[in-house]
Amino acid sequence: MIKLQLIGYLGKDAIQREVNDKTVLRFHVAHTERFRNQQGTQQEKTTWVDCALWERENLGPYLLQGTQVYVEGFPTVDVFTNRANETVGQLQLKVMNIQLLSPGRRDDDRQRQTAATGDDDEALDQPSDELPF
């Protein structure tokens, strides 16, 4: 058995779809590794993982762009030819376990919360007690 564990950030909001009468949440998680090359220059390498989470549609509203997550599951590699006629591999993960580590916020969420409370950044720093599980 091969199992992959990953901590990273969602690149965009999760998309919910129905496949064969089952619900799947699709989302992309990015992990960026920072290191110094042989010349001592700071480098970054980002790895994207295409994730599929089955039968957990109640998490959809919480899987927003910028959310930090821990995911683990079974990896596969999908090989395809892109528009430039290059063979490319895409790392995919069938998610078996997910934990939300920090919430993602979009500008429209920030504006709505600020307007509702009258506070600016102080309201956003307060932890939320609402968890989907």
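1. Glu-55 counts as partly exposed, at 45% relative accessibility, where partly exposed means between the limits for buried (under 20% relative accessible area) and exposed (over 50%), with a 1.4 Å probe and protein chains only. Glu-55 is found in the loop between E4 and E5, and together with Glu-18, Asp-21 and Glu-57 this residue forms a negative surface patch. A patch is made of residues with over 30% relative accessible area and no salt bridge, like charges being joined within 9 Å and nonpolar side chains (Val, Leu, Ile, Met, Phe, Trp, Tyr) within 5 Å. Asp and Glu count as negative and Lys and Arg as positive, while His and the chain ends are not counted; the place of a charge is taken as CG of Asp, CD of Glu, NZ of Lys or CZ of Arg.

2. Please keep in mind that this is a predicted model, in which local features need pLDDT of at least 70 and side-chain atom pairs count only at pLDDT 80 or more, whereas totals for chains, interfaces and linings use all residues. Residues are numbered from 1 along each chain as its sequence is written, and side-chain values use heavy atoms, with hydrogens and water left out.

3. As for the overall layout, the protein has two helices and six strands, arranged along the sequence as β-β-β-β-β-β-α-α. Helices (H or I, at least four residues) and strands (E, at least two) are DSSP runs, numbered from the N terminus. Of the 133 residues, 26% count as buried, and the protein exposes about 9,600 Å², of which carbon and sulfur atoms supply 46%; accessible areas come from the Shrake-Rupley method with a 1.4 Å probe, and for residues only the protein chains shown count as cover.

4. Among contacts (heavy atoms within 4.5 Å) with a separation of 6 or more, 58% are accounted for by residues 24 or more positions apart. Leu-63, in the loop between strand E4 (42–54) and strand E5 (68–81), is a residue to look at here: Leu-63 is buried, with a relative accessible area of 0%. Not counting residues up to four places away in sequence, Leu-63 touches Leu-10, Asp-13, Ala-14, Leu-25, Phe-27, Val-69, Ile-98 and Leu-100. The C-alpha atoms of Leu-63 and Leu-10 are separated by 7.4 Å, although these residues are 53 apart along the chain.

5. The structure holds three salt bridges, each defined as a side-chain nitrogen of Lys or Arg within 4 Å of a carboxyl oxygen of Asp or Glu. One of them joins the side chains of Lys-3 and Glu-72 (3.7 Å, N to O), and this pair links distant parts of the chain, since Lys-3 lies in the segment before strand E1 (4–10) and Glu-72 in strand E5, 69 residues apart. Lys-3 is partly exposed, with a relative accessible area of 48%, whereas Glu-72 is buried, at 14%.

6. In another salt bridge, the side chains of Asp-50 and Arg-26 meet (2.7 Å, N to O); Asp-50 lies in strand E4 and Arg-26 in strand E3 (residues 22–36), so the pair ties together parts that are 24 residues apart in sequence. Asp-50 is buried, with a relative accessible area of 9%, while Arg-26 is partly exposed, at 31%.

7. The side chains of Arg-34 and Glu-44 also meet in a salt bridge (3.1 Å, N to O), and because Arg-34 lies in strand E3 and Glu-44 in strand E4, the pair ties together parts that are 10 residues apart in sequence. Arg-34 counts as exposed, at 55% relative accessibility, and Glu-44 counts as exposed at 53%.
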